[in-house]
Amino acid sequence: SINDEDLNSENDLQDESLHEVQEDPYAFVQEIVKHRPGRLWKVFIWSVAIITGACIFGGISGLIFRQTNTPEPPESHVSLSGDDGSEERSESTPEGSDQQGDKDSTTSQEADQPGQSASDDGTDASDLSEEELLDRHVEEYQALNKAMSNKADQAAGSLVTVKSITSTADWFNTINENASSASGLIIADTEQALLVLTEKRVVVDGARLVVTFGDGTTVEAVPIKGDDATGICVLKVDRSLLTEDTRATVVPAVLGNSNLVSPGDVLIAVGAPTGQTGSFDFGEATGVSDVMGVDDNSYRILSTNIIGATDGSGVLVDMRGQVIGIIKPDLGSGKSNTIAALGITSVRNLIEKLSNNTPISYLGILGDTVTEQIAAETGLPLGIYVVDVTGDSPAFMAGIQPGDVLVKMNNDTLSTMLDYSRLLQGSDPGTEITLQVMRQGDAGYVPIDFTMTVGSY
């Protein structure tokens with residue numbers, strides 16, 4: 001018989017074996033992990049490929065970004081070509097030496113023209129019949145008009161037409177376009193844009209500005225800066241909008257010296273002096289001494305006997321093809337509708353400031369020069385008589401009054417409005433200046449100093 005001790009021992013062995021099986025049911029499984037051969041080499045190859053592709057993609061992206069986002073170079077300072085007006089017309093010799101030389105040359109050329117004093121075959125005018133003499137005069141007149149037409153054509157390369165277009169809608173949502181136009185003068189050609197001088201009246205808020213060139217090309221323009229006192233404005237036309245053919249026809253104007261113009265000089269009005277684009281006329285200068293007074297400046301007016309329209313525009317050119325005046329219909333004689341213009345030399349500095357969008361120094365004084373003759377007749381001190389002072393202007397706030405006579409700006413003597421304007425525009429806005437005035441009191445004129453800060457617009 002099986003004793004109790006053996007039975008218990010067997011049960012203990014079975015429990016122990018069962019316990020071992022439950023603790024490690026997979027003890028019979030043996031696993032060895034092996035790495036795939038060549039894996040590191042493939043990882044290296046893929047890494048190099050990815051890095052190379054990233055470099056190539058980055059390089060191409062950089063080139064594309066550079067081409068599409070290259071910043072435009074800054075526009076250089078605009079300086080106008082031509083005579084800067086440093087030479088003044090001499091009263092004893094009304095015409096400058098260069099101009100006189102041109103006139104002598106013109107006279108010589110006219111003398112060589114057929115029909116001046118004798119016909120081509122040497123026949124004297126006194127030997128001609130009335131009909132033959134009339135034919136000769138007609139030929140001479142036609143030759144003169146042809147010569148003037150050629151001069152006008154030479155200047156036409158610098159002229160454009162500026163149009164302002166505004167759109168409005170009526171009650172029925174019908175779009176109506178209104179347009180006004182004026183002549184424009186190409187005054188500079190920079191690397192980025194063409195600068196066009198025109199009338200400020202065509203620059204209307206909300207209007208679209210377009211410029212039409214001589215070959216018919218029309219592009220949009222952007223205003224740079226305008227001047228209310230003179231009514232002129234400078235526009236900018238992006239050169240990239242023009243074709244190579246149009247660029248080849250563009251000729252920036254050469255500005256002459258309007259200080260050398262004398263009564264009797266032959267002048268040509270081009271642009272739209274009759275109100276029609278492309279028209280021209282010619283005549284003589286009849287006056288050069290009138291001035292247009294505005295705040296802090298005065299501009300010389302050139303009067304002519306050329307008949308123009310009340311809405312005419314354009315420029316005056318001399319016989320050398322140089323621009324010497326900007327036509328302003330409101331300056332002409334109201335009775336005869338003769339053309340008058342702002343002398344180009346007197347507004348040259350203003351045009352450069354407008355072209356460069358430079359602030360224009362401002363004090364707000366409307367003045368007139370006190371000449372020696374005026375001083376002798378009225379007892380006024382020599383200097384600049386203050387006609388008016390604009391309200392809230394720097395001069396008004398400092399205490400300048402109508403009736404004062406300006407005699408000094410800082411330490412510089414003021415003899416004419418030209419002196420005053422030159423010194424003022426040479427002072428930067430925000431700087432302090434001292435004006436010495438002569439003010440009339442019980443004991444006569446006494447000097448008073450006023451300090452003020454230069455404003456701008």
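Select Tyr457: it is partly exposed, at 41% relative accessible area (buried is under 20%, exposed over 50%, partly exposed in between; 1.4 Å probe, protein chains only). This is a predicted model, where local features need pLDDT of at least 70, side-chain atom pairs count only at pLDDT 80 or more, and totals for chains, interfaces and linings use all residues. Residues are numbered from 1 along each chain as its sequence is written, and side-chain values use heavy atoms, with hydrogens and water left out.

The structure holds one aromatic pair. The ring centres of Tyr362 and Tyr457 are 6.1 Å apart and the planes stand at 85°, so the pair is edge-to-face (centres of Phe, Tyr or six-membered Trp rings within 6.5 Å; planes under 30 degrees apart are stacked, over 60 edge-to-face, the rest tilted).

Next, the salt bridges (a side-chain nitrogen of Lys or Arg within 4 Å of a carboxyl oxygen of Asp or Glu). The count is eight.

- Select Arg439 and Asp404: their closest N and O atoms are 2.8 Å apart. Arg439 sits in strand 20 (residues 432-441) and Asp404 in the loop between helix 8 (394-398) and strand 18 (405-409), so the pair ties together parts 35 residues apart in sequence (helices, H or I, at least four residues, and strands, E, at least two, are DSSP runs numbered from the N terminus). Both residues are buried.
- Select Glu199 and Arg201: this bridge spans 2.7 Å, N to O. Glu199 is buried at 12%, while Arg201 is partly exposed at 43%.
- Select Glu244 and Arg247: the closest N and O atoms lie 3.0 Å apart. Both residues belong to helix 5 (residues 244-249), three residues apart, about one turn of the helix.
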